[in-house]
Amino acid sequence: MGADYLVSVLLPTRGRPELMLKSVSSIIKNARHPEQVQILLKIDNDDKDTYMDCYPELEKLTSHYKVLYSPRGLGYGDLHTHINDLCAIAEGEYLFLWNDDAKLVTPNWDEIINEYREGLHGSPMAVIQIDDKHGWKFGFPFVHREIYNAMGHFSLNAHNDTWMHYVAHDAGIERMEERILSEHNRYDLTADPNMRDDTYKDLWNEEIGGYRHTHDLFFNSEEIELRKQDTLRIKNLMNKM
């Protein structure tokens, strides 16, 4: 499809330079062809220490990365706008939604994704969902660029993973790939006391203090209609193939 990379990793991060490095390292070191993996970091412009603290080690891991500095905005409530901004600068054929509190544990995971690109599992234009050690489902999708192009965005809700899951499922393009395994060490999933850090607390404070109460999550008529429109755009794309 003319993409410069097989995968662009969409990774927003805040206040977690060490965790972010471990997360990126798990992706790069487990890739058969790391030069085909682009890392895209979103760092709030009031959190430059995250980048400055990790820059030397990040350079050792990969030269295939970009950093987007931008305002924090509403924090978690604006997460989808940050993901959409990362997609706009992505150069990969697949867009991989990722977190700084997760690790990818499957060796040569990129060769499995390449099977999809080569059409060995049906149309390459799919949303590929991976498995997780802690039972986290539909959290880290690989989304073909043409799906994103057809929708015009990755998500219109801060729960980017759930938005994509609903839309892809309804459009019939979601694929489960159990050979690729993540390990999502989020406090409410694992109860790891080391993960109850300021970033985690801020996430939930923002979500409970404003986001959930004002946005009504996924089940308001406006968002249901927006997801239906995304589903229709994908179906129209697939009908042209």
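Analyst: Axes are lines fitted to C-alpha atoms, for helices over the stretch in contact, and angles run from 0 to 180 degrees between N-to-C directions. Helices (H or I, at least four residues) and strands (E, at least two) are DSSP runs numbered from the N terminus. The model is predicted: local features need pLDDT of at least 70, side-chain atom pairs count only at pLDDT 80 or more, and totals for chains, interfaces and linings use all residues. Residues are numbered from 1 along each chain as its sequence is written, and side-chain values use heavy atoms, with hydrogens and water left out.

User: What makes α6 oblique to α9?

Analyst: Helix α6 (residues 160-171) packs against helix α9 (residues 221-239) at about 50°, with the axes 9 Å apart. Angles under 35 degrees count as roughly parallel, over 145 as roughly antiparallel, 65 to 115 as roughly perpendicular and the rest as oblique. The pair is therefore oblique.

User: Which residues of α6 meet α9?

Analyst: With contact meaning heavy atoms within 4.5 Å, Trp-163, Tyr-166, Val-167, Asp-170 and Ala-171 of α6 meet residues of α9, among them Leu-226, Arg-227 and Ile-234.

User: Why is one side of β3 and of β5 left without a neighbour in the sheet?

Analyst: Two strands pair if DSSP finds at least two bridges between them. The open sheet has eight strands in the order β3-β2-β1-β4-β7-β6-β8-β5, with mixed pairing. β3 (65-70) and β5 (102-104) stand at the edges with a single partner strand each, so one side of each lacks a neighbour.

User: How do you know that β5 pairs with β8?

Analyst: Three bridges join β5 to β8 (residues 174-184) in the antiparallel sense, and Leu-104 stands opposite Ser-182 in β8.
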